[in-house]
Amino acid sequence: MADQQRIHPVAVLPTRPPQGPFPSVKVDPSGHNAPVVKRKNCWYKCFCWIITTFILLLIIVAAALAVLYLVFQPKLPKYSVDNLRITDLTLNFDLTLYARFDVSIIANNPNKKIGIYYEKGSRLSVWYKETKLCQGSIPRFYQGHQNTTVLEVGLTGQNQYGTTLLQALQEQQQTGRIPLDLKIDVPVRIKLGKLKLMKVRTLGSCKLIVDSLSTNKFISIKASNCNFGLKL
């Protein structure tokens, strides 16, 4: 009888996954990780959309400003002091110094297509070094295109250190060169065609050198340097 072959079952031992430098990634067969990936994609798309929209808005605004600049060619208004007259400079009984200055200011609008509305709330003041002598304001008015307007402004003030201030002014007057500073702060609105823009402020000063502070006499302005700018 031929030899019968016996087949013995062989036990298969479970094999361990190879151990590498990186941890194994377990994938959830139920698909619970999918919403996390979709949520990240949604945030990324929203972020890209916001950035793109912001860049487009910047480009549109820049293009509009460039067109306005080319069409209207805006220029800053110019100011200068035409003449200065001191009508009162008196030491009172309480040793305060009362001053009244009459100033003629030339306001020039060089723009061909831009008008200027001078609003209420303006402040003009005359200073000697760090001491304010007097102050006042200009009236509300509209200045048209390429227009030059002469403003007559009365400034008054009273300083409590009258004796000391008057003595310093008299000593300075002996030199024939008295430094004065006319500071200007004027709210204005710009008119482009029929469009009236937001209110801005014209800020600046005129550095003056005068020869005298005598009342009711002609005062010569030996030097004048005016600088102005706009502030939102």
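Strand E3 (residues 114-118) is mostly covered, with four of its five residues buried; buried means under 20% relative accessible area, exposed over 50%, and partly exposed in between (1.4 Å probe, protein chains only). Strands (E, at least two residues) and helices (H or I, at least four) are DSSP runs numbered from the N terminus. This is a predicted model, in which local features need pLDDT of at least 70, side-chain atom pairs count only at pLDDT 80 or more, and totals for chains, interfaces and linings use all residues. Residues are numbered from 1 along each chain as its sequence is written, and side-chain values use heavy atoms, with hydrogens and water left out.

Now to the partners of E3. Two strands pair if DSSP finds at least two bridges between them. E3 pairs with strand E8 (residues 178-192) in the antiparallel sense over five bridges, and here Gly-115 stands opposite Lys-191. E3 also pairs with strand E6 (residues 141-143), again antiparallel, over three bridges; Tyr-118 stands opposite Phe-141 there.

Most residues other than glycine have a negative phi. Lys-129, however, has a positive phi, and so does Asn-216.

Finally, turn to helix H1 (residues 34-72), where you will find Ile-51. Ile-51 is partly exposed, because its relative accessible area is 36%.
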